[in-house]
Amino acid sequence: MARRQLPSLNALRAFEAFGRHGRMTLAADELCVTHGAVSRQIRQLEEHLGVALTEGPRTRLRMTQAGLRLAQALSPAFDQIEAAVPRPEPVGPKPLVVSCLPTFAMKWLIPRLPGFQAAHPDIPVRVAESNGPFDFKGDGVDLAIRMRSPDTVVTYDAVVTPFMEHFHGPVMAPELAKTPMTLEQVCALPRLLTRTFPESWSDWARNFEVADLPPPVSEQEFDHYFYMLEAAAAGMGVAIGPWAFVQRDLASGRLVAPLGFTSGRAKIVAVTPPDGATDEAVLFRDWLLSEGASTPHPPEALAPHAPDASFAPTTRSRAHS
């Protein structure tokens, strides 16, 4: 077998963490190293490959197209390695397993998680990132966080608790935006999509009360929301970003939302087993309700739609996994 010509795995790991988080400081926190160490690893990786993986000022560093391609390949590769690594039987309290949308986990849940851990230090939490189906018993999931619309196809019994409103709108790099910016100007930019929700543009257009969107000048699809949002920050086009996913990037100036945000029909919900959640899952669900209520709406959001009866505070229904 031919010898693999791979760069340093530490450098690849540092770059993959930066690709998911979009910021050196967050990647450094995850890897328990300094910001400078992550920066050096990525610089050494670029020198080894002879290809620029990042660009822009240090305060708003972003990935190039080559960097995005590499990051999209690295994440599933590291996921497979992590899943294959044998582990000893756990000791101590059994962790509360929360299945969560990957970008929501990174952009909203994990930054708030220290608050829950401080209030409940005896309840370890393991966040299992997933967009797809889950099995409470088979996968060992105690609670799942998903985005659910009134017309979601449902497949099995569960207790569904909406805990946060969903707002969304077009987002892009500051250099692409004009002030003011019309809908026609936004639609004239390359359109970015995510494989996990390819109908994001049509969904937003319906909520924004646009009858027909003009055809895109070009489209590019990414595997995950966080890669799509990084592509938007890199100036590659315009994406429909959920407020919960882009709030921090808007505050830092990495992204702008020239048309503001409109209220979507979906809700962000906590899903627990139909035969009774554990006490720990109930505590976590109550904490999600509190955190969701305290999350500010976008200041420029349009008036939300009238409440839908199918989203009562807590409902028992057949929920899509």
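Q: What makes a charge sit over a ring?
A: A charge sits over a ring if NZ of Lys or CZ of Arg is within 6 Å of the ring centre and within 35 degrees of the ring normal. Here Arg 191 lies over the face of Trp 201, at 4.7 Å from the ring centre.

A word on the model: it is predicted, so local features need pLDDT of at least 70 and side-chain atom pairs count only at 80 or more, while totals for chains, interfaces and linings use all residues. Residues are numbered from 1 along each chain as its sequence is written, and side-chain values use heavy atoms, leaving out hydrogens and water.

Q: Why is the pair of Phe 15 and Phe 18 called tilted?
A: Rings of Phe, Tyr and Trp (its six-membered ring) pair if their centres lie within 6.5 Å; planes under 30 degrees apart are stacked, over 60 edge-to-face, and the rest tilted. The centres of Phe 15 and Phe 18 are 6.4 Å apart and their planes stand at 45 degrees, so the pair is tilted.

Q: Why is the pair of Tyr 225 and Phe 245 called edge-to-face?
A: Their planes are at 85 degrees, with the ring centres 5.1 Å apart, so this pair is edge-to-face. Ring pairs also link Tyr 225 and Phe 245 with Phe 104, Trp 108 and Phe 163 into a cluster.

Q: What makes Cys 32 count as buried or exposed?
A: Buried means under 20% relative accessible area, exposed over 50%, and partly exposed in between (1.4 Å probe, protein chains only). Cys 32 has 71%, so this residue is exposed.

Q: How do you know whether Glu 209 is buried or exposed?
A: Its relative accessibility is 69%, so Glu 209 counts as exposed.
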